[in-house]
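User: I am new to this structure. Please show me how to read its main features.

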Amino acid sequence: MADEFKQITNFDRLIHEPSRLAIMAVLSACESADFTYLLNATGLSKGNLSSHLSKLRDAGYVNITKGFKGNYPHTTCALTRGGRRAFDAYRKQYLALARRLQKEAHN
Amino acid sequence: MTTHIDVEDLIRKTQQYEFVDGLRDLQMAAIMALLGAFAWFSLTVAGMHWYVRLILYLKDTFGSWARWINGLVYLLILFTVLGGSLWIMSILRRKWLWQESGWVKSLRWQVPRRVTVLSAVIMLGGIALGLILLSAGKVDESFVLRMLWAATGLGFGYTLIGMGREIGLVRYIWLGVFGGLASTTVLLLPLTFGQTAILLNGAWALALGITGSIALRRALTTIRQVNHGR
């Protein structure tokens, strides 16, 4: 049990927050996604999504590009190389822990 | 928003987003149909006649560069079809399909590298097998020519199965199985290179056209339901 506890404390806390984890998961599966897609996929409110994206951008995990599509403003988000690396590491840790707990539950 | 996040489900749904509206299937269907028709036509009398005229025109116009320009013409046609279809897809998605659900630029490589490598091995292995059997006198030249299409079909089928499994889209697994069976069947039939091309690519185009149309219809129905629900 001590090992699991140690593993959990090693998790990247910025990513581990559920809303940010959802954003990172979506962005990890594509090159970029716009604000509308992130809103629909994560189920967050506009304000919440903006605030979490800002935190991820400040940490250097996400690039946010603001532009126009026709006459409408269009915000695109993408994981940075560091962001992708951090999410991959988090996912690996998370899956390893889940597998281990599952195995222990069976035994 | 609940505190429980199904990370794998979010990843899978985003990976599927590029393919759920069926436009990719329709694009592949168009390319397959064009490729098959082109291969078949280029071996008919009319096709040969057109080809000779093209070569003579290029020779008169570009002199010794004609050989290179000739190759470029095919590349130009291929890139025009690819670029054109991507442009049409982008317009359809911006105006209707993705207007409400948002825009995603998918990863360049949706297929795992091992699948790409294995499908290339299947393709090259098939061609090599055909050549070995020919040199051993077990088959004739037409078998090797049919093998070119069959091996390409088997490789592409394997890619579709790998992609379907990776992103969780069952229709690609069925398409891959169908393509593999169709490729094996044409290999065993007494067909010429041109006939094999039109038959196999026609089968691919038909299958992809059907799955693409069904997926597109489903996507449009969903959009209509969302719009009516407002």
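Analyst: This is a predicted model: local features need pLDDT of at least 70, side-chain atom pairs count only at pLDDT 80 or more, and totals for chains, interfaces and linings use all residues. Residues are numbered from 1 along each chain as its sequence is written, with chains lettered from A and ligands numbered from 1 in the order in which they are written.

User: How many helices and strands are in chain B?

Analyst: Helices (H or I, at least four residues) and strands (E, at least two) are DSSP runs, numbered from the N terminus. Chain B has eight helices and one strand. Along the sequence the pattern is α-α-α-α-β-α-α-α-α.

User: At what angle do α5 and α6 of chain B pack?

Analyst: Axes are lines fitted to C-alpha atoms, for helices over the stretch in contact, and angles run from 0 to 180 degrees between N-to-C directions. Here α5 (residues 113-135) and α6 (residues 141-167) of chain B pack at about 165°, with axes 8 Å apart. That makes α5(B) roughly antiparallel to α6(B) (an angle over 145 degrees).

User: In what order do the strands of the open sheet come?

Analyst: Strands of a sheet pair through backbone hydrogen bonds, either parallel or antiparallel. Two strands pair if DSSP finds at least two bridges between them. Four strands form this open sheet, in the order β2(A)-β3(A)-β1(A)-β1(B), with antiparallel pairing. β2 (62-69) of chain A and β1 (104-106) of chain B stand at the edges, each with a single partner strand, so one side of each has no neighbour in the sheet. The twist averages 20° from one strand to the next.

User: Which residue in β3(A) is the bridge partner of A:D34?

Analyst: The partner is A:T76. Two bridges join β1 (residues 30-34) to β3 (residues 72-79) in chain A.

Technical notes: Angles under 35 degrees count as roughly parallel, over 145 as roughly antiparallel, 65 to 115 as roughly perpendicular and the rest as oblique.
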